[in-house]
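Please keep the sequence and the structure in view while reading.

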Amino acid sequence: MSTNTPATSATSVASAAAADLVFTGGPVYAVDAARSRAGSVAVRGGRIVAVGHDEVRELIGARTEVVDLAGKLLIPGFQDAHVHPVGGGIEMGQCDLSEYETLAEYRQAVRGYADANPDVEWITGGGWSMEAFPGGLPHRSMLDDIVPDRPVYLPNRDHHGAWANGVALRLAGITRDTPDPVDGRIERDAAGEPTGVLQEGAADLIGRLLPALTAEDQVAGLLRAQEVLHSLGVTAWQDALLGAHANITDATTAYLTAVDRGLLTARVVGSLWWERDRGIEQIEELVARRAAGTRGRLSCTTVKIMQDGVAENFTAAMLSPYLTACGCASDNSGISFIDPAALRTYVTALDAHDFQVHFHALGDRAVREALDAVAAMRAANGWKDTRPHLAHLQVVHPGDIARFRELGASANMQALWAAHEPQMDTLTIPFLGAERAAWQYPFGELARSGATLVAGSDWPVSSPDPLQGIHVAVNRREFGSSAPAFFPEQRLDLHAALAAYTAGSAYVNHLDDTGSIVVGNQADLVVLDRDPFAGPAEEIGATRVLETFVGGERVFGR
């Protein structure tokens, strides 16, 4: 636990041993309860030993490394409370579409990758955006003419659907007669033929055929991702899915390999995947996986439960039906992947075994079902320090806002999504209707209710850059966008947004000696190229990370 003692006095500084590392020439923003500022920080043995002003310079010795901030801001390291780094890192080395926006660009990238990798059995990777296609749905024919002889399987940017060519469909035996799985949907044309788009659990019909990744493939992906995240100031994260799901291979071994090789420089909490086609019998296995997977800087102390899908493909679980294109009520209210009564039983049992539960809850019905499960666990087990959290929270019914504080359930926000952009404006708002659209990403209301806010990126679904997420949390529009603010009454101030990405996420990660710059805490620190508090809110997104430190060791910069 952090000691949260005040800045060391000049007398005690003068009598103390020299520091290993001193930051000076501030400002330093502590992200503590007082929102305090300082001008210097000293580190010894990987921990903060002094926070103050000129007196801290007395800890500079002959072997002390001195970082002159030169007016640039020092803050605690960012922590990502919901991210998929191994998958993101692996996709960076495959057919990565995440940097492109149009069908023509996607086709060019796929063709280029296929030509450059003639011996690759499957063309995979992903990262395409639904907004590039009418109704958010590409077609197999858009791939068939450029890769006619090999299977192509490309998950979309949010990884709740995939785009396949005809070869992949044939290998999987998917025809007009193939039924939809209970947890997904095969998109079909007017004649009933599969189009090549597979939503949610249906994607696994092809995903399970992909060649297995080797352990070294996964280690390489992890290290690639770690480098990216450190460059963005991320010092710790919660991996939101450790287990086998769809075409995802369990990355636990990759993490442990990195730990054993001394290569894992971040602090990581692993969320063990809850297999939604199984029941309470899997808890014994999860207990064993927690013990085997907790070593060094990796702690597999969390269980991830995906309760619903996403709004854009109408699988997010809603309290009332989606609208159709004409604005009429449909017969579809999305999918609750786990029966709500069973969910309450599972969550209560997990809490009794001291697991944190990490929910994917995007629609208002899924949010309510998750909160009901937390309420059931509190009633059965009393209040334990397991710190459950609900991620995504796209649509939250106003009646459920206060329950986060009342139940001690943290609100895990992906702030970058709370903005007007084509996927929101064309594929979401028209199908939610005006009333529900205004319930989206209610960060301001959650903060005012007293809820604990934490933050994550969901990368590779969206950018892993915390500063871009903070920009949107404060402005409710993307950096550089001229779009109107997205329900501006839900803005956060910069203090609250920055705290969510540091102290808030540290809380939900049970990393209580991180997340703020106070004496006794780990020296997980980030140097920014400016003080975003000193400029206009519209320029927050221009801020960049210069250096990143974990335990006083530089992991990015210089």
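W163 stands opposite V197 in strand 12. This is a predicted model, in which local features need pLDDT of at least 70, side-chain atom pairs count only at pLDDT 80 or more, and totals for chains, interfaces and linings use all residues. Residues are numbered from 1 along each chain as its sequence is written, and side-chain values use heavy atoms, with hydrogens and water left out.

Helices (H or I, at least four residues) and strands (E, at least two) are DSSP runs, numbered from the N terminus. Two strands pair if DSSP finds at least two bridges between them.

| Strands | Sense | Bridges |
|---|---|---|
| Strand 10 (residues 161-164) and strand 12 | antiparallel | three bridges |
| Strand 11 (residues 184-188) and strand 12 | antiparallel | four bridges |
| Strand 14 and strand 15 | parallel | five bridges |

In strand 12, G184 has E200 as its bridge partner. Five residues lie between the strands in the hairpin of strand 11 and strand 12, where G192 takes a positive phi near 90°. Seven of the seven residues of strand 12 (residues 194-200) are buried, so the strand is largely enclosed by the rest of the structure. Buried means under 20% relative accessible area, exposed over 50%, and partly exposed in between (1.4 Å probe, protein chains only).

Within strand 15, T302 is the bridge partner of S271.

Helix 9 (residues 283-292) has I283, L286 and R290 as its buried residues. Seen down the helix axis, these fall within an arc of 50°, so they line one face of helix 9; the arc is that of the directions from the helix axis to the C-beta atoms. The face turned away from the buried side carries the exposed residues E284 and A291. Strand 14 (267-273), strand 15 (298-306) and helix 10 (340-352) are among the elements covering the buried residues of helix 9.

Helix 10 and helix 11 pack at an angle of about 45°, with their axes 8 Å apart. Axes are lines fitted to C-alpha atoms, for helices over the stretch in contact (heavy atoms within 4.5 Å), and angles run from 0 to 180 degrees between N-to-C directions. The two helices, helix 10 and helix 11, are therefore oblique to each other. Angles under 35 degrees count as roughly parallel, over 145 as roughly antiparallel, 65 to 115 as roughly perpendicular and the rest as oblique.
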